[in-house]
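Please look over the model shown below; my notes on it follow as numbered points.

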Amino acid sequence: MLTQVELTGIRAAASAQVRDRHRLAARELLTAALFLLPSLLVFTVFLFWPLLRSAVISTYGNDIIGRPTRFTGSHNYQLLLSQPELHEVILNTLLFTLYTVLPALVIGIALALLLQLRVAGIGFFRTLLATPFGFSVATASAVFGIFFNPGVGVLNGFLYPFHIHPVGWLTSPTTALLAVAATTVWLQLGYNVLVLSAGLQAIPEDVYEAARLDGARGLSLLRHVTLPLLTPSLFFLLVVSTIQSLQSFGQIDILTKGGPARSTTTLVYDLYLNAFAFGNSNFGLASAIAMVLFLLVVIVTAIQFGVLERRVFYR
Amino acid sequence: MKRLAVLVLLLLLAAACGGGNDQQTSSSGNFDWNSKAPAKPVKITFWHGFSAGANQDAVNALAAKFSDAHKGEIEVTPVYAGDYDTTFAKLKAAIQSGKADQLPSMVQIYDIGTRFMIDSQAITPAQTFIDHEKYSAKDLEPNILGYYQINGKLFSMPWNVSTPLLYFNRDAFSEAGLDPNKPPSTLAELRVAAEKLTKKDASGSTVRYGFGAAIYGWFLEQFTARADQTYCNNGNGRDKSATKVLFNQPVDIKVVDWWANLVKDGLALNTGRQTPDAQNAFKAGKVAMNLESTGTLRGYQAAVKFQLGTAPYPKVESSTTAGGTIIGGASLWVLNKRPAYEQKAAWEFEKFLEQGDSMAYWHTHTGYFPVDKKSLDDPTDKDWVARYPQFKTAIDQLHSTKLDKATQGCLLGVMPATRQAAEVGMETAITGKAPAKKAMDDAAANIQPQIDQYNQATSGS
């Protein structure tokens, strides 16, 4: 049994320790804040403040030049939710993300694995496969636009000798989203190959050696050693490219302008149509769309972190 | 996040600058006619939408000629402000900024921006100048003025004018046993011709389609006028502001249905909404008949390897006797926030652009329709028409059009967005996603909130 005095002494010591830690934490925090200040400033000016303004504008009706003139509360949101095409637009956005992120990851892994081969001239191929990273969205889209051209396109030219009927790549609602997604996959691939190659290089040889001693070969080596150790890179790419996909704009604008028949109109493109295209300056409604997009990005990212991050193997 | 951030930032910039409602400095009633320039020459800037090329060269040449003729008095600086949509957006941003020095003295705005420009309260109507100096517009083509006149009042000066035509491949006509001198004049005739013109190779692949045109809302508007019907209510928005579009009326459904069936039956190639794609298909001979503007004539003439034919824009029903085509293109607007002496100088330049010899130059260098009737008698112009006999079709078509509410064209504040909505409807039907009636009904319902919002904003302020 401890005496009252002893007890008090222990308590005092403990609370002093806690206070110490607090003081230390406060000082550390201050240092951290100082370091963060520049980027925080940039974020505030270019992200947080616009986000806030956007939220405010979404509750305003605007005049014909786009000036927010009257507070209309949730009217823009009601208008947005009452439009039957909103479902289509959100579906397009999610499908587009699915069609771009997963293929770009799978093909990225395959290519990155191939590039690990120690054969002559592999350096050339490594450079070659990373080049899409250097293309701007506009350039790539313009080139793919020529491939997909309905009348005089290159792709249909390839099909012709095989008596395959020409495909309306960008002019048919069933293929347009896939065609734009294919362009995006190509664009994304260079970056994925770079990151995954770096991830593969970082797996130490002794892990493989140990696994081989335990009898792991070929596919099982890939499944039980390579892929788990690659999960940090994979998770990073998944999150980043998902957000990027949800916000794709250039390739849609250049290839399809959201068509045919709205089949490639995603949230970002719908936002653009309402705010800037065709003489529109519906900034209130466009801001409401921006808020919906923001919400979607937050939800999807939260799900990814909630469900998948625990499976990521951080060494 | 970068792209989202940029978009949000644009929204912010666009919206944040909208603080104070500025007072109108001069409306038509109290124009300061005695306003004197503090220094000579008066410098005017002119925003136009012609990128580098033949059209921009013609603009620069005419501006230089005018500045030379008015040495020490007026100096014009033409500025390319981006394509029509971009110029329009840029002007909106400048008006929004509320700063007069952001605005040009005059600006070229496309036809479908007309209602917006009138409602913007940012312009001095051309009629103000016309009334003040008793300027006679009698030489100007009435069928062209019609579009820009509301209740007899002219708001802007028509400048570059085009009309739609049916272009066709004369060689393909002969080959298919059709008379190239008797091109189809109705939708039904066009389909019959398309059936004969469509050609397949041994494997069943189509090597030539009978018809193909860009899914361009302008064409639907033209078919509507050709059937002597209005495209929006309240007399095409000319009796009072239109509150509804009518592109889901029977005549438009008929056109869209006809088009969708041509594609479905393999008689027409669908190249989507992008104009160059449809043009390329026609130029390459993949498509034998095509709808396009007169502005494309020179480009086609230079590119095609077959004999080029032109015909009046087809009618929907053979029984229609009235109706005709609507003029397209753009007009010139004077901005009222600029000093009055500068506006007067801009008006001088506009008059110069309209006069016979300038219009003859403009017509022969760009292919746009001359606004001044006298230009067609100008010798250089006569030579040109002799060189491009296909243009004669356009002249005849314009002169045979009876001007009424239908052929004046629809005025709607959100006309650019309306055209886009109609295109989505047309495309939905043409790609077989929905029947024509449903597609156009949906499209009309889709644009309705924007029309309502526009009318609310213009009546409320």
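1. Val256(B), with neighbours within four places in sequence set aside, is in contact (C-beta atoms, placed from the backbone, within 7 Å) with Met426(B), Ala429(B), Ala436(B), Ala439(B) and Met440(B). This is a predicted model, in which local features need pLDDT of at least 70 and side-chain atom pairs count only at pLDDT 80 or more, whereas totals for chains, interfaces and linings use all residues. Residues are numbered from 1 along each chain as its sequence is written, and chains are lettered from A and ligands numbered from 1 in the order in which they are written.

2. Where the chains touch, the contact takes 49 residues from chain A and 51 residues from chain B. On the side of chain B, α1(B) gives the most, with eleven residues; helices here are DSSP runs of H or I, at least four residues, numbered from the N terminus.

3. UniProt, in an unreviewed entry, lists residues 29–52 and 89–115 of chain A among those under "transmembrane region", and such annotations may be inferred rather than shown by experiment. In the model, residues 29–52 of chain A are 100% helix, with end C-alpha atoms 26 Å apart, while residues 89–115 of chain A are 96% helix, with end C-alpha atoms 38 Å apart.

Technical notes: Helices (H or I, at least four residues) and strands (E, at least two) are DSSP runs, numbered from the N terminus. Two residues are in contact if their C-beta atoms, placed from the backbone, lie within 7 Å.
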